[in-house]
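The report below describes one protein model, beginning with a charged area of its surface and then turning to the overall fold, the salt bridges and a loop residue.

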Amino acid sequence: MTPDVWTSSLIKELSDDDIKNFQDMVLRDVKNKFSSDEERTIINNNLDLWLYSLRVIRKDIELQLSNHKSNLKVNIKQLKDNYASKEELENLNFDEQRWRSNAMKFLTAIERKSLYVKLLIEEQDCD
């Protein structure tokens with residue numbers, strides 16, 4: 001059984017581990033890989049924390065995208081300095097584009113989930 005410390009606690013009372021555990025649940029939700037219906041209930045009972053976690057995950061992916069772009073430039077320069085073949089450069093570019101494409105798909109899934117949570121919050125506020 002997953003303890004639901006989030007519903008009964010104020011956000012400021014949660015430990016870093018509590019927040020990390022909740023974010024892990026949110027991450028599984030975005031990937032459609034819930035380990036239990038209980039987790040789904042927990043995140044549905046904590047809409048504000050759910051939205052916050054989605055925003056944190058989105059910022060992390062955006063940072064990774066930026067870092068990958070910078071690292072690609074460095075890696076290409078290193079390969080050129082080491083007289084890499086055209087094929088090696090193309091492979092690096094291909095791998096980076098594949099990773100970037102997957103990251104963008106994941107970012108889109110996060111955005112969709114964020115919009116869904118915002119609708120839930122609006123609906124809750126209307127009740």
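## A negative surface patch

Helix α4 (residues 86–126) supplies the largest share of the negative patch, namely three residues, where helices (H or I, at least four residues) and strands (E, at least two) are DSSP runs numbered from the N terminus. The patch is formed by D48, E122, E123, D125 and D127, and E122 is one of the residues that lie in helix α4. Patches are made of residues with over 30% relative accessible area and no salt bridge, like charges being joined within 9 Å and nonpolar side chains (Val, Leu, Ile, Met, Phe, Trp, Tyr) within 5 Å.

## Basis of the model

This is a predicted model, in which local features need pLDDT of at least 70 and side-chain atom pairs count only at pLDDT 80 or more, whereas totals for chains, interfaces and linings use all residues. Residues are numbered from 1 along each chain as its sequence is written, and side-chain values use heavy atoms, with hydrogens and water left out.

## Overall fold

The secondary structure comes to four helices and zero strands, which follow the pattern α-α-α-α when read along the sequence. The protein is more spread out than a compact globule, because its radius of gyration is 19 Å, well over the 14 Å that the globule rule gives for 127 residues; the radius is taken over C-alpha atoms, and the rule is 2.2 Å times the number of residues to the power 0.38.

Along its principal axes the C-alpha trace spans about 65 × 30 × 25 Å. Of the 127 residues, 30% are buried, a term that means under 20% relative accessible area, with exposed meaning over 50% and partly exposed in between (1.4 Å probe, protein chains only). Accessible areas come from the Shrake-Rupley method.

## Salt bridges

The structure holds eight salt bridges, each defined as a side-chain nitrogen of Lys or Arg within 4 Å of a carboxyl oxygen of Asp or Glu. In one of them, R28 pairs with E39, and the closest N and O atoms are 2.7 Å apart. Because R28 lies in helix α1 (residues 16–30) and E39 in helix α2 (residues 37–44), the pair ties together parts that are 11 residues apart in sequence. R28 is partly exposed at a relative accessible area of 27%, whereas E39 is buried at 4%.

Other salt bridges lie within single helices. D81 and K77, whose closest N and O atoms are 3.0 Å apart, both lie in helix α3 (residues 47–81), four residues apart, about one turn of the helix; D81 is partly exposed at 46% relative accessibility. R98 and D95 approach to 2.8 Å between their closest N and O atoms, and both lie in helix α4, three residues apart, again about one turn of the helix. Both partners are partly exposed, R98 with a relative accessible area of 44% and D95 with 39%. Salt bridges that share partners also join R58, K59, E62 and E111 into one network.

## A loop residue

Y83 is placed in the loop between α3 and α4 and is exposed, with a relative accessible area of 75%. The C-alpha atoms of Y83 and E38 are separated by 55 Å, the two residues being 45 residues apart along the chain.

How values were computed: Accessible areas come from the Shrake-Rupley method with a 1.4 Å probe; for residues, only the protein chains shown count as cover. Lys and Arg count as positive and Asp and Glu as negative; His and the chain ends are not counted. The place of a charge is taken as NZ of Lys, CZ of Arg, CG of Asp or CD of Glu.
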